[in-house]
Structures are given as C-alpha cells and as structure tokens.
Amino acid sequence: MRTIGARAGAMLLTLWLAGLAGALLVRLGPGFGIDEQELDPRLSPQSRAALRAAHQNERHIARFYVHSVARTLRGDLGVSQSLGRPVAELLRERFPVTLRTVALGLAVGWAAGLLLAVADHGARSAAIDLAAAALSGGLLCLPASLLALLFVFLGAPAALGIAALIAPRVFRYAHDLFLSAAASPHVLTAWARGLSAFPILVWHILPCVRAPLLALAGVSLNTAFTAAIPIEALCDSPGIGQLAWQAALARDLPLLVNLTLLVTAVTVVGNAVCGWKPAGSEAV
Amino acid sequence: MKRLLPLLVACALSLAGGEIPNGRELRACLRSQPKTFDPALVADDASETIRYLTGGVLIRVNRVTQALEPELAVSWKVSGGGRTIRFRLREGVAFSDGSPFTATDVAFTFQRLMSPEIHSPTADSFRSAPGAVRSAVENDHQVALTFPAPIAGLERLFDQVAIVRSGSNAVLGPFQVAENKPGAYIRLARNPHYWKKDAQGRRLPYVDSIRLDIQQNRQLELLKLERHQLDLVSALDPEQFQELSTALPGWARDAGPALEPEVLWFNQVARAPIAEYRKAWFRSANFRRAISEAIHRDDLCRLVFHGHARPAVGPVSPANRFWCNARLKPHPYDPVSAAHRLAQDGFHKDGESLRDRDGRVVEFSLITNSGNRARERMAALIQSDLRAIGIRLNVVTLDFPSLIERITRSFDYEASLLGMINTDLDPNSQMNVWLSSADQHQWNPNQKTPATPWEAEIDRLMRLQASTLENEKRRTYFDRVQEIAREQEPFIYLIYKDTLVAVSPALRNVQPSVLRPELLWNAEWLWLAQ
Amino acid sequence: MIRVRLARCVLALIFMAALAADVLAPRPYDAQFRDSPDARPSRQFLLGTDELGRDRFSRLLYGTRLSLLLAPAAAALATSLSALVGLAAAASGRWGERGVLAITDLVLSLPWLFLLLAVRALLPLNLAPLVSVVITFALLGLLGWAPAARVLHAGIRALRQSDFVLHARASGCRSSRLMAVHILPNLVPLLRAQFWILVPAFLLTEANLGLLGLGVSEPLPSWGNLLRELENVSAVPSRPWLLVPVVLLIVVVGCLHLAFPGEERAA
C-alpha cells in the first residue's frame with residue numbers, strides 16, 4: 001500500500017513538474033503572446049492593444065500556473081485562446097480519435113515488428129535477415145507523416161503511419177535482444193539438447209528479454225502519441241495531435257499545458273505499468 | 001441590372017440547354033476551423049467565408065465587376081459630408097426563422113458592432129474617430145446611421161456587415177449553419193426564407209446545402225477533387241495547378257492577379273537592435289532601389305509561380321481596377337544600374353564581395369516564414385541575384401509567431417519577405433500602413449514625426465484622400481502615394497501572384513474572382529448539373 | 001563476413017564520395033541554371049535539377065557530407081547520454097533511481113520544440129548556415145537520450161540478476177567497476193539498436209524542423225531538405241529520381257547495420 005502510495009505521489013509530482021516546465025518553455029519561447037491578427041492593417045491601435053492584453057494573464061507564469069492547477073482541481077481546464085472553446089470540451093472531442101489512431105498504430109506496429117523479429121530469428125537465414133533489415137531500415141528512413149499521407153492516398157487509415165514508425169524500432173530492439181540472448185549458456189544448452197527454435201524462443205529467450213521489451217512498450221506509447229502530432233496535422237485527422245500542432249503554432253498556453261499534462265500522464269502511467277515488478281522479485 | 005446581366009445570361013443559357021437547377025450539395029474545403037460564428041468578431045478567412053455565405057448585407061461588392069450592388073438595402077444616400085448614410089430597406093424580407101427584417105435590426109447590428117468591447121477589422125473599419133455611432137430608425141424600412149467623422153469609401157464597408165437580430169441566431173443570407181463538427185466539417189443548409197429569386201421566380205439558393213470540410217493539407221484537398229469528392233478548390237498553388245491541368249484538363253482556372261503583392265522591406269527603425277552601419281544602408285533610397293533593380297522579377301514569376309504571377313510595381317495590383325496606378329511600371333532587372341546606384345553611395349566591389357565606403361562587407365539577413373515553399377524559393381532566388389552584385393544574403397526562415405514578434409515588437413531583424421494583407425479594394429483600409437505614426441508602417445512604425453520628407457508627403461496625401469468623398473479626387477491623391485512608393489521603395493514590391501482555382505465542369509454559373517470568396521461569392525446562383 | 005566487408009566498403013565509398021564533394025561535384029551546389037528548372041536526368045545533370053535549376057547530384061553529394069557527419073555524431077551523443085543516464089539510475093539507490101526515471105519521463109513528455117525555437121531566437125540572424133545546423137543536431141543529440149535510457153535501464157535491471165553479476169558482487173566488485181566491466185559490454189546490442197534507429201530519426205527530424213525554420217537554411221543542401229521534396233507525394237511517380245536521397249539513406253542505414261554486427265552475429 002505504501003509503495004503504491006509512494007508511486008502515485010511520485011507520478012503526481014512528475015505531472016505537476018511537467019505542466020510547469022511545459023508552461024515555462026512555451027512562455028519563454030519566441031512568439032509568445034503574438035496573434036497573427038496583429039498584421040491586419042484594418043485593426044485600430046486600440047484593438048491591437050486589446051489583442052496583446054488578452055495574453056496579459058499568462059505573462060506571469062508562476063501565477064498563471066497556480067491558477068491553472070487550482071482550476072484543474074475544480075474540473076475546469078481553461079479556455080483555448082486560439083479556438084475560443086473550453087479545453088475540456090476540445091480534449092473530450094478529440095482524444096478518442098487519437099486514442100483509436102494510436103491504439104491501432106501500436107497494435108499493428110508491435111505485431112509486425114515482433115513477427116518480423118521472430119521470423120528472422122527462427123529462420124536463421126542470411127537472406128531473410130538481410131530482407132528484414134532492409135525492410136525495417138527502409139521504414140525508418142521514410143518520414144512517418146509522409147507514409148501516413150501515402151496510406152491516406154491509398155485509402156488506408158493514417159494510423160498505419162504510426163505502425164510504420166513503431167514496427168522497425170520494435171524489430172531492431174527485439175532482433176538484437178534475441179541475438180544476444182541466443183548466445184547465453186542456457187540457450188546454447190537447450191540447442192545442444194535438441195529443442196527446436198520455437199520452444200527455445202518462448203521458454204528460454206523471451207523471459208530474458210521481457211524487461212527491456214516491456215520498457216520499450218512503455219516508451220513506444222510516448223513515441224506513438226508524439227508521432228500522432230505530425231501525422232494528424234498532415235492528414236487532417238481531428239485528434240489531439242492536430243490540436244497540439246495548432247496550439248504550438250498559436251502559442252496557446254492553456255491548451256499546450258493541458259496537452260503536455262495529458263502526454264506526461266500517458267507516458268508516466270505507461271512506463272510505470274510496463275516497468276512494474278512485484279514486491280520481492282528483485283534479489284538485490 | 002446591367003451588372004447582373006452576364007450572370008443572368010449565363011443562367012438563362014444553361015437553363016435553355018434543358019438543365020434545371022435541382023438541389024444537391026456543393027462540396028468545398030476550408031483551410032482551418034472558423035474561430036467564430038459571430039459576424040461582428042470575424043477576423044480569419046474561414047470565419048469570413050461562413051459570414052459571407054450566411055450573412056445578409058445591406059450593400060454587396062460584386063466580386064467580378066467590383067461595383068456596388070443593392071442587397072438588403074434597395075437604395076442609399078450619403079450626406080452630412082460623408083458622416084451620415086440613409087438606407088431604404090428591401091421590403092418583405094425575413095430572417096431564416098421567419099421573423100421580419102426591419103430597420104431596428106440594422107440599428108441593433110451597428111450599435112453592437114460599434115460597442116467598445118468589439119475588436120475586429122470589421123468594427124475598426126467604421127471607427128474613423130472617437131465617439132458613438134447614432135442610428136435613427138425612421139420607420140420599418142428606413143434607417144440612418146451617423147458616424148462621428150466622415151469615412152471615405154463608406155458604402156463599401158457595408159459588404160462586411162452581416163445584419164443580425166437581437167437575441168437570435170437567425171440569418172438573412174442564402175445559407176445557415178446546420179451542422180458543425182469541429183475539426184471535421186461544417187454543413188450549411190439553405191435558408192428557406194432567403195429573399196432572392198431567379199427570373200423564373202424560383203427561390204434561391206439553387207443548391208440545398210454546402211458542405212465545407214476542414215482541410216489544411218492541400219494535397220489531400222487536391223486528391224479529393226481528383227476523386228470527385230469536391231466540386232471546387234479556391235486557392236491552388238502553382239504546382240497543383242500544373243498537376244491538375246494535366247490530370248483533369250478544364251478544371252484548373254487562372255482568375256488573374258490577386259490583390260496582395262509579395263514584398264521585401266528593410267528595417268529602418270531607429271531603436272532596432274541591429275548594427276548602425278546596416279541601418280545607414282537601409283535608409284538610403286539608392287540602396288533600396290539598387291536591391292530592387294538587382295532582383296529578377298521575371299524569374300520569380302517563372303520559376304516559383306510557373307508563370308502564374310507578374311512583376312509588381314506598387315501596393316495596388318491591376319486586379320484593383322479603379323485604384324491601380326496603371327501608369328507605373330515595375331523596375332526592370334538591371335544589375336548594371338544597380339551597381340551604379342550603389343557606387344553613388346560609396347559601395348565598391350572587392351573581388352566577389354561588395355563593400356561599403358568603410359570597407360565592411362555588405363551582408364545582411366532576410367527573414368521569412370517557414371513552411372511557405374514559394375517564399376523560401378523566392379528568398380533563394382533573391383539570394384542568388386544579390387550575390388551577382390556582391391551582396392551576401394543570409395536567408396532565415398522562422399515560424400510565423402517568431403517572425404511577427406521580430407517585425408512588430410522587438411524589431412530584431414534586418415530585412416523581411418512577406419505578403420501584404422490586402423482584402424479591401426479601397427486604399428483607406430491601408431491607412432495604418434502608410435501613415436508614419438501608425439503601427440503597421442512596417443519599415444518604421446509609430447513615428448512621432450515623419451522621419452523623411454517623403455513620408456510626411458505620404459501622410460498628407462493619405463489624410464487628404466481619407467477626408468475627401470469624391471473618388472476621382474481621392475484617386476489622384478493615392479496615385480501620387482503609389483508614385484512616391486515606387487521612387488523611394490520602402491517596400492520593394494516583387495510580384496502579384498495569380499489566383500488559381502479549380503472548378504468541376506458540373507458546376508454551373510461559377511465565375512472565379514480574385515476577391516474572396518473566390519468561387520463562392522455568388523453561391524446562391526451556383527448549381528450542379530447531373 | 002563477406003556481407004560485413006561489402007557493407008564496410010559501401011560505407012567507405014559513400015563517405016569518401018561525400019568528403020570529396022568539392023572534387024566530385026560537377027558544379028557548385030548553389031549554382032542556379034534558370035533555363036533548366038525541374039529538368040529530368042541527363043548527361044548534363046545526372047539526377048536532373050530542382051525547381052530553381054540547381055544540380056541535384058551536386059546537392060546530394062554536399063548534402064551527404066553534411067548529414068552523414070552530423071546525424072551519426074548526434075546519434076552517438078544521444079546514445080552515450082542514454083547509457084550514462086541508464087547506468088546512473090541503476091547505480092543510485094531506490095529513490096535516486098525513481099528520480100532519474102521521473103526526469104526521463106519528463107524529458108520524454110515536454111514540448112522541446114519551444115526550446116529549439118528559443119535557441120534559434122537567441123542565435124544571431126547572420127549566422128553561417130553550417131553553424132546553425134551543427135547547433136540543431138547538437139541539440140537533437142542532447143535531447144534524444146530519453147527513449148533509450150528507459151529501455152537500457154530495464155536491460156540493466158535484468159542483468160543485475162545474472163549469475164556473473166552476482167558472482168562479481170560476491171567477490172567484492174565495486175559498483176563502478178561492475179557497471180563498466182560487466183554490465184556495459186552486455187548493453188552493446190541495445191546501444192547498437194538505439195544508434196541505428198537514431199541516425200535516420202535525426203535526419204528526418206531535421207527535415208521536419210525545416211517546416212518550423214529550424215532546419216538547414218538556403219542554399220546549403222542536406223538530406224533533410226532533399227527529403228522535403230517528397231512532400232508532394234503525387235509528383236513522385238512522374239519524377240522517380242526524387243527518391244534517390246531516400247534510397248541512399250536506406251543504403252547507408254542498412255550498411256551501418258551490417259557493417260558492425262555483434263559478436264553473436266559475426267560468429
């Protein structure tokens with residue numbers, strides 16, 4: 001119980017720090033408080049001053065953040081300046097779209113990456129190894145957003161762009177981990193005893209590489225969410241990725257802080273789940 | 001009537017061919033989600049399109065003839081030295097909810113628009129001086145508006161004011177917002193009480209609805225068009241135009257030069273945090289003229305815009321028929337003359353580099369917004385042109401907010417390449433650019449007194465044209481402003497790009513315009529053949 | 001072994017060609033042949049010209065030089081930092097480990113784009129394009145360690161329970177020696193995988209950063225800005241030579257993978 005409490009406390013602290021750091025980065029970055037409308041020559045000096053004053057509350061970042069946190073605890077996530085709508089409403093509308101995209105991308109990416117690594121390992125063929133390396137290398141070398149656009153052109157879901165980003169990473173790590181584990185004494189013994197490739201993989205190799213693969217799963221969640229930003233922006237998918245891109249261009253502080261918190265929450269929870277070990281499982 | 005004639009003839013011809021307007025849905029795209037549906041607060045392109053399609057206005061600027069046309073007002077009279085405008089309103093007009101349109105609605109609209117808390121380009125266009133706007137409702141169909149000071153080109157401004165009713169979202173335009181899925185699409189349905197009818201007595205609009213997909217990606221927009229999922233695209237880039245001309249001949253159309261020029265200007269702000277010797281270069285008219293003459297505008301048009309652009313000479317493009325000073329010609333490409341002008345200011349060549357009279361290498365940076373491929377290419381061409389006369393140009397692309405911050409707040413830049421915002425035909429809308437005391441006087445804003453005699457002269461001329469009601473006289477003043485701008489080159493006008501559009505052959509009565517909304521300006525008359 | 005030698009030869013060839021760009025390039029990378037814009041490949045222009053009439057082959061050679069030196073350097077920096085952080089987390093006590101992992105999660109989640117924008121804003125406008133791109137890649141290297149640090153840390157935790165590590169501890173091996181001599185060499189497969197992933201990732205990031213003004217500025221070519229030509233997806237089928245930078249990138253990344261196999265693959 002104490003451990004769970006401590007971990008929850010650590011997560012909340014991380015979230016709080018992420019929101020503050022994110023707000024600081026946006027506030028101190030160039031272009032903060034700037035509205036494109038300022039360039040419209042029809043606007044009067046008073047209107048321009050009013051546009052600038054709209055960002056006045058955010059200039060003092062500590063005060064802004066304290067008010068933001070207090071509001072969040074009451075369930076009010078603030079109002080997006082660039083879109084003029086409550087942030088909570090925007091996230092409610094768009095998060096399911098991104099969740100579907102990311103879930104599909106991760107599922108297909110992991111399945112493809114692992115299958116490729118297993119097939120490459122099991123076949124023990126130089127030709128297949130080369131082909132797998134070429135395929136994964138090729139996917140790594142193509143921009144995910146461009147691949148997503150290509151998929152959309154072909155009538156396939158843009159989520160396959162995320163899959164194309166995740167699969168080669170999973171393959172690369174899994175492939176090298178399998179190879180490294182295959183050189184372990186207990187695996188060599190299993191080979192010597194005449195076990196076939198599949199049982200060796202399942203019973204002797206996978207347990208050794210489970211921990212780093214799980215850690216990779218946690219990290220790939222963050223990678224997928226981050227990749228969703230350019231993919232949704234380019235493919236005009238109305239998810240939080242597109243929202244994040246628009247918010248970044250408009251320096252929309254309330255929206256950006258909340259999106260940072262969302263991504264941090266997903267990252268922290270994902271990594272915590274993937275890195276969790278039962279109590280007493282570590283001898284040292 | 002004369003102005004409507006071409007449209008009616010086109011309409012009649014298509015109907016004579018046996019085609020009958022028969023409802024259906026028109027499909028197009030918006031480049032971004034509209035920020036507001038409140039017509040008084042409109043400041044972005046997407047919101048303006050919605051306002052145009054749903055709002056009823058008193059006077060409309062015909063986007064093709066550029067002439068004023070009666071809409072909800074059948075007639076009007078300007079008096080009181082340009083301070084008062086009296087409207088006689090069309091009778092028998094109703095809002096989309098069936099409630100009658102009266103003069104009270106006009107009065108309410110303006111009282112709201114002119115209230116101090118409304119800050120928008122529409123509202124500010126009417127704010128010629130401090131003070132309240134008085135509205136006098138004479139009867140249900142006559143209303144007079146009196147402004148605190150005369151407003152030049154007053155009637156045109158009413159094209160932007162959608163009349164609303166107090167406490168209601170009902171509209172007077174041909175369409176009303178039926179469905180809004182943020183980030184995905186907006187559907188506009190026909191207004192069942194729209195007042196306009198065709199010659200056969202059929203109530204307009206012809207189409208049942210317009211679906212506007214939110215599509216920022218131009219490639220996806222073009223793909224949708226090629227798959228016949230869209231009926232029109234309002235702004236193609238030159239590569240897309242070429243591609244479409246091959247893939248779907250007859251769909252792509254060049255509507256001619258747009259209103260907005262692409263310009264380059266130098267930072268002449270006294271307190272700018274840039275080297276003093278560079279400020280001295282930029283303040284020299286000879287230097288600016290030399291740069292202008294060293295730039296190959298024809299190559300910009302040919303290589304960047306594939307011929308769909310023309311060299312620019314001033315702030316007003318030939319598309320603006322009344323206000324363009326047609327006597328002025330663009331500076332020819334003449335690097336020899338450019339070198340001669342520079343020599344007059346003490347610049348000299350030292351090997352491949354140009355040096356000023358103190359021996360410093362002539363090098364400066366040019367900022368422009370990233371992600372705009374045309375501007376990045378223009379910058380690369382200009383860089384090459386200036387290298388030919390020994391000038392080293394560093395091209396720096398910045399994201400838009402960072403760029404705006406530099407040119408409007410910190411003034412930490414040397415030269416900038418951007419497009420001018422020019423949505424209105426009347427030069428009065430550019431007062432904040434030309435007045436030396438204004439904050440949009442990009443090269444040196446907010447001057448307490450004009451820094452140069454020519455800026456003082458421009459101030460005088462702009463104030464004269466703003467206080468004169470006769471357009472011919474105003475044009476004389478503004479012609480002279482354009483001449484001074486051409487001589488002094490505070491803005492180096494580069495090109496006017498063409499308005500490139502795509503239209504399905506099934507769409508009838510479409511007449512592309514360079515004024516926004518380019519293809520939907522007569523949306524009530526558009527219809528799709530089978 | 002033939003594969004390894006072939007991969008190393010190909011890499012060496014590409015590196016040497018890139019380094020000798022000044023000699024091999026038929027014309028300067030910024031020379032504009034304005035009468036031949038967007039030309040098809042020919043004897044005069046081996047890979048055609050771009051929209052401003054610049055020789056694509058010359059730009060590819062010079063771009064390869066820039067990208068092939070900077071992207072692996074940035075990847076090496078990020079990989080080294082991720083190893084350091086992973087080892088530091090493992091070598092600290094429980095709270096130290098949690099602290100380091102929390103910082104890693106923070107780094108993964110923050111919008112670093114604004115830091116990059118801030119750095120660009122601080123740099124002088126008249127900075128040489130080469131200096132600007134070196135700074136960009138350095139920042140990518142300094143920020144790109146977080147994903148691998150988590151994976152490495154998990155690998156270290158698994159290794160800590162291995163028999164040989166237990167034996168080393170039992171025989172009095174200090175923590176630092178344990179990490180350096182026993183654990184680090186066993187992380188090489190993970191480190192290699194990470195490096196191999198980061199090289200193309202940083203090149204593509206440089207291309208994406210160009211959309212925000214943080215990439216390589218004109219007229220300097222790089223793989224990033226050459227890859228940006230592919231944004232017009234529909235134009236590629238009629239201009240397949242636009243894919244040459246992608247093919248070259250795939251060849252380089254593939255050769256990197258093959259040229260430095262682990263002992264287990266080499267055996």
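**Notes on a three-chain predicted model**

1. Let's start with one residue. Gln66(B) is partly exposed, with 18 other C-beta atoms within 10 Å. The cut-offs here: a residue is buried if 20 or more other C-beta atoms lie within 10 Å of its own, exposed if 12 or fewer, and partly exposed in between, with C-beta atoms placed from the backbone. Gln66(B) is not a glycine, yet its phi is positive, about 65°. You'll find Gln66(B) in the loop between strand 2 (59-61) and strand 3 (68-70) of chain B. Helices (H or I, at least four residues) and strands (E, at least two) are DSSP runs, numbered from the N terminus.

2. A word on the ground rules. This is a predicted model, where local features need pLDDT of at least 70 and side-chain atom pairs count only at pLDDT 80 or more, while totals for chains, interfaces and linings use all residues. Residues are numbered from 1 along each chain as its sequence is written, and chains are lettered from A and ligands numbered from 1 in the order in which they are written.

3. Asp38(C), a residue other than glycine, has a positive phi near 50°. Asp38(C) sits in the loop between helix 2 (21-24) and helix 3 (56-91) of chain C. Asp38(C) is partly exposed, with 16 other C-beta atoms within 10 Å.

4. Now look at where chains A and C meet. Chain A brings 55 residues to the contact and chain C brings 48 residues; two residues are in contact if their C-beta atoms, placed from the backbone, lie within 7 Å. Elements of chain A that give two or more residues to this side include helix 1 (2-28), helix 8 (159-182) and helix 12 (253-275). Helix 10 of chain A gives the largest share, 11 residues. The chain A side divides into 37 nonpolar, 14 polar and four charged residues.

5. Helix 11 (residues 240-250) of chain A deserves a look. Eight of its 11 residues are buried, so helix 11 is largely enclosed by the rest of the structure. Among the buried ones are Ile240(A), Leu243(A) and Ala247(A). What do the buried residues of helix 11 of chain A pack against? They pack against helix 5 (87-123), helix 10 and helix 12 of chain A, together with helix 5 (113-122) of chain C. Just after helix 11, Arg251(A) takes a positive phi of about 55°.

6. Over to chain B. Four strands form an open sheet in the order 1-10-9-8, with mixed pairing; strands pair if DSSP finds at least two bridges between them. Strand 1 (25-30) and strand 8 (175-181) of chain B stand at the edges with a single partner strand each, so one side of each has no neighbour in the sheet. Strand 9 (residues 185-190) and strand 10 (residues 209-214) of chain B pair in the antiparallel sense over five bridges. Tyr185(B) has Asp213(B) in strand 10 as its bridge partner.

7. Finally, check two prolines. A cis peptide bond joins Leu204(B) and Pro205(B), with omega about 5°, and Pro205(B) lies in the loop between strand 9 and strand 10 of chain B. Another cis peptide bond joins Glu218(C) and Pro219(C), with omega about -5°. Pro219(C) is in the loop between helix 10 (188-209) and helix 11 (223-227) of chain C.

Technical notes
Ala, Val, Leu, Ile, Met, Phe, Trp, Tyr, Cys and Pro count as nonpolar, Asp, Glu, Lys and Arg as charged, and the others, Gly among them, as polar.
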